[in-house]
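Here are my notes on the model, point by point. Please read them with the structure open.

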Amino acid sequence: MLMEEKPVVEEKPVIEEKPVVLKKSLSIFVTLVSCFALWGLLNNMTDNLVPAFQKIFTMDQSRAGLVQVAFYGAYAVLAIFAAVLAEELSYRKGVLIGLGIYIAGALLYIPACIAQSFDIYFIAIFIVASGCSLLETTCNPYVLSLGDEETAVRRLNFAQMFNPVGSMIGIVLAQQLILSHLNPATADERAMMDPAALKSIINHELFWVCAPYVGLCLIAAAIWCFFFIKKEGETSPTKKAIAKIGISFLFSVVPMTVLNFIFPDMDKILWVLCGVLGPVVYIVLDKDYRSMLSTLLKTPRYWTGVIAQFFYVGVQIAAWTWMNAYCQKELGVTAAQGAIYYTIAISTFIACRWIATFAMKYFEPAKMMAIFALGAIIFTLGVVYIPTKVMFTIGSLPFSMNIICLILMSASMSLMFPTIYGMALGGLDQKAVKLGASGLIMSILGGAIITPWMANIIGNASSIWCKLVPAFDTAWDTNLKLTETSLRASFFVPAICFAVVLAYALIFSKKKGK
């Protein structure tokens, strides 16, 4: 009797899922994540220095606003120098130098406090932000390099999840350590004080401005020690490499310094834009970097990514800057209550970034970003056109549909920065990645351009934008310096910015262009 042959079942090969982070790189990745949290913390803590310095030094908004010019200006000016560091040395050494510069800037807060000098603070803030610029320019591509290219965007999104966590900590530290220690005396009351008494009050206030920045030096030093020990078989830099680093540093710093001495009253935004030209001239003059620049300019996905990032960073900073004023005007809440809505918006931003990062395991990042950008446009139009009608109250906080749209607009921004970043650098020649990273960090300058754009619309009750919002109150609010119509009309700017991000996501999804 013949034995019945069993049909041969062909086993399907098991496809192993590629890890987001290689095991050998896990400790480096975890420590890099702490850097993402650190500069997120510093960004949001520095935002609060504007009202703090305005009160401490009894200065107007335009002078206090120089804090933001120093911070975001340093990002734009030092990004190319950071790329040269990473290219000529290594990502690890770029992180070490970035942390070292941050520590030096933070320690400069101490003599600024003793001298009670806003000018020294301006320099210190610029140096702190220079360290952050080096860290961001270096850490983002460093994270991309720690695994397979297919999981690069997910890996960067995961690391970026901890950036808003740091931002939330920064908000809390600023409120509890800086703003809570400001003396309630008004500018008029301070003017009538005895000089010795006023000096004592200012010294106390500036001490608490210094405390968190100097305290964070301990964390920065611990991270520095880890990367100092974690050597990866790097070779010593050549004399040519050292020369390039030195020359690029001079091109980054000297033009700004000279301009500041020759034209001390020069508009600071123009000053920063002129300062950016120095590093750009350097990479045009240097043969090797000119070749990298040519590669980047021949890659549409990259240079359009820089444009998209410029508009994204601009809308994030601008929308969050004016969120408090919108809540005060529409709901009649206080500035302190308005800050709670901002905290809620940041919380939803964090939650959505975590959810989006894990969803990228199943969905293409570009298509997800397109959906989020479309949602952001819809929510922004809700902020502009939906009348304020309180639907419910939580504690002492009223909520209306337009305020909910304002919060959801923040949620929609959650995955944009790291996704644009990963898409723009994806597939680039590795020789051009580090310089490419600097261009994406330079686009942070959008925060210094888009925010004033919104401000100009808010402060102009007769602008053409207001004609698009005819159904709302046009009475001038002397306290907030705006009208309901001009405030709502200003949110057309975020809608335009989100449209740019949507276009980028649609054009460069995998279906239309790898």
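1. Contact here means heavy atoms within 4.5 Å. Valine 209 touches Leu49, Phe53, Ile56, Tyr109, Tyr121 and Ile178, with residues up to four places away in sequence not counted. Valine 209 belongs to helix H11 (residues 195-229). Helices (H or I, at least four residues) and strands (E, at least two) are DSSP runs, numbered from the N terminus. The relative accessible area of valine 209 is 0%, so the residue is buried. Buried means under 20% relative accessible area, exposed over 50%, and partly exposed in between (1.4 Å probe, protein chains only). The C-alpha atoms of valine 209 and isoleucine 110 are separated by 9.7 Å, at 99 residues apart along the chain.

2. On provenance: this is a predicted model, where local features need pLDDT of at least 70, side-chain atom pairs count only at pLDDT 80 or more, and totals for chains, interfaces and linings use all residues. Residues are numbered from 1 along each chain as its sequence is written, and side-chain values use heavy atoms, with hydrogens and water left out.

3. How do H1 and H8 cross? The axes of helix H1 (residues 26-47) and helix H8 (residues 152-160) come within 8 Å and cross at roughly 55 degrees. That makes H1 oblique to H8. Axes are lines fitted to C-alpha atoms, for helices over the stretch in contact, and angles run from 0 to 180 degrees between N-to-C directions. Angles under 35 degrees count as roughly parallel, over 145 as roughly antiparallel, 65 to 115 as roughly perpendicular and the rest as oblique. H1 contributes Phe29, Val33 and Phe36 to the contact, and H8 contributes Arg155, Leu156, Phe158, Ala159 and Gln160. By class, this contact has six nonpolar, one polar and one charged residues. Ala, Val, Leu, Ile, Met, Phe, Trp, Tyr, Cys and Pro count as nonpolar, Asp, Glu, Lys and Arg as charged, and the others, Gly among them, as polar.

4. Eight of its nine residues are buried, and H8 is mostly covered. The buried residues are Ala152, Val153, Arg154, Arg155, Leu156, Asn157, Ala159 and Gln160. They pack against H1, H7, helix H9 (162-178), helix H16 (335-359), helix H17 (365-385) and helix H19 (416-425).

5. Next, H4 and H12. Helix H4 (residues 66-88) packs with helix H12 (residues 239-262) at about 175 degrees, their axes 9 Å apart. The two are therefore roughly antiparallel to each other. From H4, Val77, Phe81, Val84, Leu85 and Glu88 meet Ala241, Lys244, Ile245, Ser248, Phe249, Ser252 and Met256 of H12. The contact has eight nonpolar, two polar and two charged residues.

6. The whole structure holds 34 aromatic pairs. Rings of Phe, Tyr and Trp (its six-membered ring) pair if their centres lie within 6.5 Å; planes under 30 degrees apart count as stacked, over 60 as edge-to-face and the rest as tilted. The rings of tyrosine 91 and tyrosine 142 are stacked, because their centres are 5.3 Å apart and their planes lie at 20 degrees. Tyrosine 91 lies in helix H5 (residues 91-107) and tyrosine 142 in helix H7 (residues 118-144), so the pair ties together parts that are 51 residues apart in sequence. Tyrosine 91 is buried at 14% relative accessibility, and tyrosine 142 is buried at 4%.

7. Phenylalanine 207 and tryptophan 208 are edge-to-face, 5.3 Å centre to centre with 85 degrees between the planes. Phenylalanine 207 is partly exposed at 46%, and tryptophan 208 is partly exposed at 23%. Elsewhere, ring pairs link Phe53, Phe57, Tyr109, Phe118, Tyr121 and Tyr213 into a cluster.

8. Which residue lies over the face of tyrosine 91? Lysine 434 does, at 4.9 Å from the ring centre. A charge sits over a ring if NZ of Lys or CZ of Arg is within 6 Å of the ring centre and within 35 degrees of the ring normal. The charged end of arginine 488 sits over the ring of phenylalanine 472, 4.0 Å from its centre.

9. Finally, phenylalanine 491 lies in the loop between helix H22 (484-489) and helix H23 (492-507). Phenylalanine 491 is buried at 0% relative accessibility. Neighbours within four places aside, phenylalanine 491 is in contact with Tyr326, Thr380, Val383, Val384, Leu406, Met409 and Met454.
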